[in-house]
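Here is a short tour for anyone who likes to look at a model with the coordinates open. Have the viewer ready and follow along.

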Amino acid sequence: MSVAFTREESAETAAELMLPNRPISPHPNLVTVSGLEALEEAMAQARAVYDAARKIEDAIERRRAAAPAFRDMRYFAERLRSAQLVPSSAPGAVVAFGNRVTFSRDDGRRQIFRIVCEDEADPRNGSISYVSPIGRALIGKSVGEAVFVGDHEIEVLNID
């Protein structure tokens, strides 16, 4: 086998293992203190996985193991670079970024969500993104005010 053929094959293998970038939101990267800490922790974890993968002896396996971590490192580096820290504010008269909001839905359900950055949002654990439909609808609203999200009405009950 010629050296040229080996190099070409290696270049093709490397290109196959280079994962595309994770999509970056077009919205401003507003973050809470906890959101910034979570981004920093995610970057550290991705770096640790990448560093561990770089120690694998087999070149192809090393590339396969490193590719997802390298993609994550590119993503988190960009998110950290573009992060705009929004200081915590005391609950006010209107819903703002970082507030915890209690609201009722027209079907009788009562929900509580904290409005946070896109990377920190986790609806199952009580946080939604400020660019989500509910987040956008609630920001700027006050207690007692009702808004429509899609075909459903929600009413702000409390702002923490």
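## Contacts and overall layout

Contact here means heavy atoms within 4.5 Å. With that in hand, take the contacts in the protein chain between residues at least 6 apart in sequence: 56% of them join residues at least 24 apart. Please keep in mind that this is a predicted model.

The protein chain holds four helices and seven strands. Reading from the N terminus, the order of elements is α-β-α-α-β-β-β-β-α-β-β. Of its 160 residues, 32% count as buried.

## The H2 and H3 helix pair

The crossing of H2 past H3 is left-handed.

Which residues make the contact between the two helices? On the H2 side they are Leu-36, Leu-39, Glu-40, Ala-42, Met-43, Ala-46, Arg-47, Val-49, Tyr-50 and Ala-53. H3 contributes Arg-62, Ala-65, Ala-66, Ala-69, Phe-70, Asp-72, Met-73, Phe-76, Ala-77, Arg-79 and Leu-80. Sorted by class, this contact of H2 with H3 has 16 nonpolar residues, five charged ones and no polar ones.

## An aromatic pair across the chain

How many aromatic pairs does a search of the whole structure find? The search finds four. A pair of aromatic rings is described by the distance of the centres and the angle of the planes. For Phe-97 and Tyr-130, the ring centres are 5.6 Å apart and the planes are at 85°, so this pair is edge-to-face.

The pair links distant parts of the chain, with the two residues 33 apart. Phe-97 sits in the loop between strand E2 (84-85) and strand E3 (100-105), while Tyr-130 is in the loop between strand E5 (127-129) and helix H4 (133-138). Both Phe-97 and Tyr-130 are buried.

## Ser-104 in strand E3

Strand E3 also carries a residue worth a look, Ser-104. Is Ser-104 buried or exposed? Its relative accessibility is 18%, and buried means under 20%, so Ser-104 counts as buried.

If you set aside its neighbours within four places in sequence, Ser-104 is in contact with Arg-109, Arg-110, Glu-153, Ile-154, Glu-155 and Leu-157.

Key:
Residues are numbered from 1 along each chain as its sequence is written. This is a predicted model: local features need pLDDT of at least 70, side-chain atom pairs count only at pLDDT 80 or more; totals for chains, interfaces and linings use all residues. Side-chain values use heavy atoms; hydrogens and water are left out. A crossing is left-handed if the near helix is turned anticlockwise from the far one by less than a right angle, and right-handed if clockwise. Ala, Val, Leu, Ile, Met, Phe, Trp, Tyr, Cys and Pro count as nonpolar, Asp, Glu, Lys and Arg as charged, and the others, Gly among them, as polar. Rings of Phe, Tyr and Trp (its six-membered ring) pair if their centres lie within 6.5 Å; planes under 30 degrees apart count as stacked, over 60 as edge-to-face and the rest as tilted. Buried means under 20% relative accessible area, exposed over 50%, partly exposed in between (1.4 Å probe, protein chains only).
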